[in-house]
Amino acid sequence: MPVIPRLRHRRAQRRAPASPSPRTDVATASPSGATPARTPRAILVLLGLALAFAVLLGLHELRNYIGPVFLALNLVVAAAPLQVALSRKGLPGPLAAFITGTAVFAFLVAFFWALGWSIAQMVQELPAYQAEFESLYNQGLDLLSRFGIKEDAIISQLRDALNPQAIIGALGGILGNVGGILGLLGTAAIVLFFLMVDSLSATRRLQLVREQHPRLATALTAFGQGVRRYWVVTTIFGLIVAVLDVVALIWLGVPLALAWGVLAFITNYIPNVGFVIGLVPPTLMALLANGPMNALFTLIAYTVLNFGIQTIIQPKFTGDAVGVGPTVTFLSLIVWAWVLGPIGALLALPATLLVKAILVDADPQARWLNAFLASNPETARAEDTRDSALSTSSESKRA
């Protein structure tokens with residue numbers, strides 16, 4: 001080869017771009033050949049936590065509206081079998097929806113009326129035991145002084161917290177908030193009306209969602225079934241616990257037995273700490289009215305009945321309706337009680353189940369979180385039999 005063409009050939013080889021290495025990831029390479037930088041996982045996690053906190057803060061600011069809306073939604077989901085049964089009996093759809101909505105609203109009214117009645121009974125009864133409280137307090141101070149413990153700021157604060165007058169003031173504030181209760185019932189009634197109207201086409205709407213997003217439709221269906229079982233079973237067992245508590249308190253001679261039974265029924269909806277909330281007031285009343293031994297028997301009776309039924313028997317009937325572990329249940333109670341206020345304590349588990357259904361159960365890539373959230377960690381598998389069936393049916397429909 002001549003010298004000049006050979007030099008030109010070498011210069012062309014130097015200027016030509018190097019061929020891509022076999023190790024280069026073609027899928028991630030940019031058109032210019034450079035690999036784009038990836039966002040660190042820590043930054044994504046922090047951004048997700050910040051966004052979640054911003055959403056919860058927004059819900060907290062709107063809690064007076066979000067709480068009644070979500071409560072009405074839960075009760076409509078729980079009462080769905082009644083509407084289906086009425087429709088199967090031959091009633092027109094609008095009439096079945098009207099009867100179901102009326103039943104749900106009647107349950108709400110009865111719930112808050114029973115709560116107000118029980119609080120009114122406590123407010124009327126507690127002032128009669130102010131002298132007994134002072135006597136027990138002085139006896140307690142004498143007992144502590146024998147062990148060299150004197151009254152300090154902590155004991156004084158405990159006395160002020162358990163004083164019947166302080167309890168009456170707190171109960172009076174709840175009882176006097178009639179406007180808040182009426183506002184909640186009014187908002188719930190309006191939401192119930194629109195939800196019952198939309199319930200006439202709920203089946204068709206869910207079918208349309210299933211055609212495009214089968215996993216989301218399956219997750220929402222599972223959420224509805226779980227919430228329905230949770231509310232129905234919790235209500236039934238709450239009534240059983242309340243009746244047994246009233247019988248036990250009447251037999252022990254504890255005043256306000258019926259009021260404490262209503263309190264036990266209401267606190268049965270609060271996970272984990274509901275048992276303790278329903279236990280303290282009747283035990284304190286038994287102590288003031290009948291002495292330490294009667295209070296001890298009341299404590300034993302409540303522990304056997306409430307703890308045994310709510311912790312041992314009731315979970316066997318609810319099954320996987322809750323679907324989350326005990327730690328997640330307790331943390332959800334704290335979070336939703338702050339976000340939605342007192343009503344958030346009643347809605348803690350349903351709210352957690354809804355968030356879990358939308359963000360975790362409906363997304364195969366996020367299913368691994370069930371290893372830490374779900375009561376059954378096996379649901380953390382992204383591609384289980386159910387997902388395979390869903391993908392197969394979806395592909396067949398599209399074909």
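Are Asp361 and Lys356 buried or exposed? I looked this up and found that both Asp361 and Lys356 are buried, where buried means under 20% relative accessible area, exposed over 50%, and partly exposed in between, with a 1.4 Å probe and protein chains only.

**Basis of the entries.** I note that this is a predicted model, in which local features need pLDDT of at least 70 and side-chain atom pairs count only at pLDDT 80 or more, while totals for chains, interfaces and linings use all residues. Residues are numbered from 1 along each chain as its sequence is written, and side-chain values use heavy atoms, with hydrogens and water left out.

**Confidence.** I began with pLDDT, the predictor's confidence in each residue, from 0 to 100. The protein has a mean pLDDT of 77, and 74% of its residues reach 70 or more. Helices, here DSSP runs of H or I with at least four residues, are numbered from the N terminus. Confidence is lowest in helix α19 (residues 385-398), with a mean of 43, and highest in helix α4 (residues 80-88), at 89. I recorded two stretches where pLDDT stays under 50. For residues 18-30 the model has five contacts beyond four places in sequence, a contact being heavy atoms within 4.5 Å. For residues 384-399 it has 13 such contacts.

**The salt bridge.** I found that the structure holds one salt bridge, defined as a side-chain nitrogen of Lys or Arg within 4 Å of a carboxyl oxygen of Asp or Glu. It joins the side chains of Asp361 and Lys356, at 3.2 Å from N to O.

**Helix α17.** Of its 14 residues, 10 are buried, so the helix is mostly covered. I compared its span with the expected value, which is 1.5 Å times one less than the number of residues. The 14 residues should span 20 Å, and the end C-alpha atoms are 18 Å apart, which agrees.

**Helix α15.** I then examined α15 (residues 326-340), which has 15 residues and reaches 21 Å from its first C-alpha to its last, close to the 21 Å expected. Its buried residues are Val328, Thr329, Ser332, Leu333, Trp336, Val339 and Leu340. They lie on the same side of α15 because they cover an arc of only 145° around the axis, the arc being that of the directions from the helix axis to the C-beta atoms. On the other side of α15, Pro326 and Thr327 are exposed. The cover over the buried residues includes α2 (41-61), α3 (63-78) and α17 (348-361). Just after α15, Gly341 takes a positive phi of about 80°.

**Single residues.** I looked up Leu256, which lies in the loop between α11 and α12 (257-267). Its phi is near 60°, a positive value in a residue other than glycine. Leu256 is buried, with a relative accessible area of 14%.

Thr234 is found in helix α11 and counts as buried at 1% relative accessibility. Leaving aside neighbours within four places in sequence, I found Thr234 in contact with Arg229, Asn268, Tyr269 and Gln314.

Arg381 lies in the loop between α18 and α19 and is exposed, with a relative accessible area of 53%. I noted that Arg381 and Pro364 are 17 residues apart in sequence and 8.2 Å apart in space, C-alpha to C-alpha.

Conventions: Helices (H or I, at least four residues) and strands (E, at least two) are DSSP runs, numbered from the N terminus.
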